[in-house]
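Please keep the sequence and the structure at hand while reading.

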Amino acid sequence: MRPAGKPLGLYIHIPFCKSKCVYCDFYSLAGNEGRMDDYTDALCAHLTETAPFAAGHTVDTVYFGGGTPSYLGEKRLVKILKTVQKKYHVSKDAEVTLEANPDSAGDWKYLKALRKAGVNRLSLGMQSASDEELRAIGRVHIMAQVRAAVEAARKAKIDNLSLDLIYGLPGQTMARWQENLTAAVDLAPEHLSCYGLKVEEGTPLYARRDSADLPGDEEQADMYLWTVDYLARHGYRQYEISNFARPGRESRHNLKYWTLGEYAGFGPGAHSDFGGVRYAYEKDLTGYIRGVREGTPMLSENDTIPDMDRDTEWVMLGLRTVCGLDPADYERRFRRRFTCFLPFLKECEKAGYAVFEDGRWRLTPTGFLVSNQIIGGMLDAMAAEKQRRADAAARGDFRIHLD
């Protein structure tokens, strides 16, 4: 029997969409259906080319993200997945997730074929239960199609279902958001992702942000706090700022991002953290296909990061999760004392933003609302400690490690 290697997640970006939503700043393209076959071939070739570098790893998660992966079609998706299964060591219990829009996931036979090919987790972009809100943000589905897609998934025997929702939509009231989340919970998914709307520069929504009747920060905060409480009462445990799951149904793939796990991305705009290197591909469909075929440059980022220099990431990502930060793990990983953070964390504790439980520091729901500021304070404490060490070393004082 082949020994299990280091765990590795694969992210496969599918950039095709029927239409572009007004808030979306992900790399996705509408009207490029004619490129789907060429792109599928490029992905399979790139996966094959990269596989030898993952020989010492076991793939335990595969994530098809987008764009709209379900829009690519059954045959192309199965072809990509078979390439993964043939070229990589994939664990028998690997989590294989497909993102889908409800309008392209209503055929249970289509979903059954994907399940038989290995897909065992479906993430549906519900976003709202209101057809009016869906139209306002450029979604191409209606709520009836969400229900049909959920029914199709269950009929296809997919027992790990996630629904994505957005709060803070144009004109949205607290009452409407409560109706949306209640409708989602009534569909009994195993997982829910609830994101506050962010108006990103360069999107159509950004261009009309002043007239879009967007809920303010305080209104969004109220929606978020209500969400955390409501989902807890209905059996969904919060495990990250925006993610909630039934026990044992957390997204194993996404947890890799928040715990510094290794993952390799494929496709334009895809990011990787693999083999001690962080890298990303240019957001250019044509350039990606050409790069795979001809070996021309495709990377937009490429940075080697030693393990000992990942302390900043460890703090930033750990504070996004309900598990939070383990001081002992920090000191073991980075050979530095955690004590530099304690004065700031204790101030956060007094303000109700953080708690120390079971040997770990974590943020409270109200702390998550101001997590960017808290992370900034933690990084300031880290920078001050590093400067203190540098000053001590310059003075020839080597006792600093005893502090």
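The sections below cover some helices, a pair of strands and several loop residues of this predicted model.

## Helix α1

Helix α1 runs over residues 36–50, which makes 15 residues. From its first C-alpha to its last it reaches 21 Å, close to the 21 Å expected at 1.5 Å a residue.

The buried residues of α1 are Met36, Tyr39, Thr40, Ala42, Leu43, Cys44, His46, Leu47 and Thr50. Their cover includes three strands named here by their ranges, β1 (6–14), β2 (16–17) and β11 (263–266). Also included are β13 (277–281) and the helices α2 (74–87) and α10 (285–294).

## Helices α2 and α3

Two packed helices are described by the angle between their axes and the distance between the axes. For α2 and helix α3 (residues 108–117), the axes come within 10 Å and cross at roughly 5°. The two helices are therefore roughly parallel, since angles under 35 degrees count as such.

Which residues make this contact? On the α2 side they are Glu74, Leu77, Val78, Leu81 and Gln85, and on the α3 side Tyr110, Ala113, Leu114 and Ala117. By type, the residues of the contact divide into 7 nonpolar, 1 polar and 1 charged.

## The loop between β4 and α2

A cis peptide bond joins Gly66 and Gly67, with omega at about 20°. Gly67 lies in the loop between β4 and α2.

Thr68 has its place in the loop between β4 (57–66) and α2. Is Thr68 buried or exposed? Its relative accessible area is 4%, and the limit for buried is under 20%, so Thr68 counts as buried. Leaving aside residues up to four places away in sequence, Thr68 touches Ile14, Phe16, Cys17, Asn101 and Ser104.

## Strands β7 and β8

Strand β8 covers residues 191–196 and is mostly covered, with 5 of its 6 residues buried. The strand pairs with β7 in the parallel sense over 6 bridges. Within this part of the structure, Leu163 stands opposite Leu192 in β8.

## Two residues with positive phi

Lys157 sits in the loop between α5 (143–155) and β7 (161–167). Its phi is near 65°, a positive value in a residue other than glycine. Lys157 counts as exposed because its relative accessibility is 61%, and exposed means over 50%.

Where is Arg335 placed? Arg335 is in the loop between α12 and α13 (342–350). Although Arg335 is not a glycine, it has a positive phi of about 55°. The relative accessible area of Arg335 is 61%, so this residue is exposed.

## Helix α11

How many residues of helix α11 (residues 311–318) are buried? The helix is mostly covered, with 6 of its 8 residues buried. These buried residues are Asp311, Glu313, Trp314, Val315, Leu317 and Gly318.

The buried residues of α11 pack against several elements. Among them are the helices α9 (252–258), α12 (327–334) and α15 (371–394). The strands β12 (271–274) and β13 are also partners of these residues. Strand β13 is also included in what covers the buried residues of α1.

Conventions:
Residues numbered from 1 in each chain as written. Predicted model: local features only at pLDDT ≥ 70, side-chain atom pairs only at ≥ 80, totals over all residues. Heavy atoms only, no water. Helix = DSSP H or I, 4+ residues; strand = E, 2+ residues; numbered from the N terminus. Expected span 1.5 Å × (residues − 1). Buried < 20%, exposed > 50% of the residue type's maximum accessible area, 1.4 Å probe, protein only. Contact = heavy atoms within 4.5 Å. Axes fitted to C-alpha atoms, helices over the stretch in contact; angles between N-to-C directions. Parallel < 35°, antiparallel > 145°, perpendicular 65-115°, else oblique. Nonpolar A, V, L, I, M, F, W, Y, C, P; charged D, E, K, R; others polar. Pairing = 2+ DSSP bridges.
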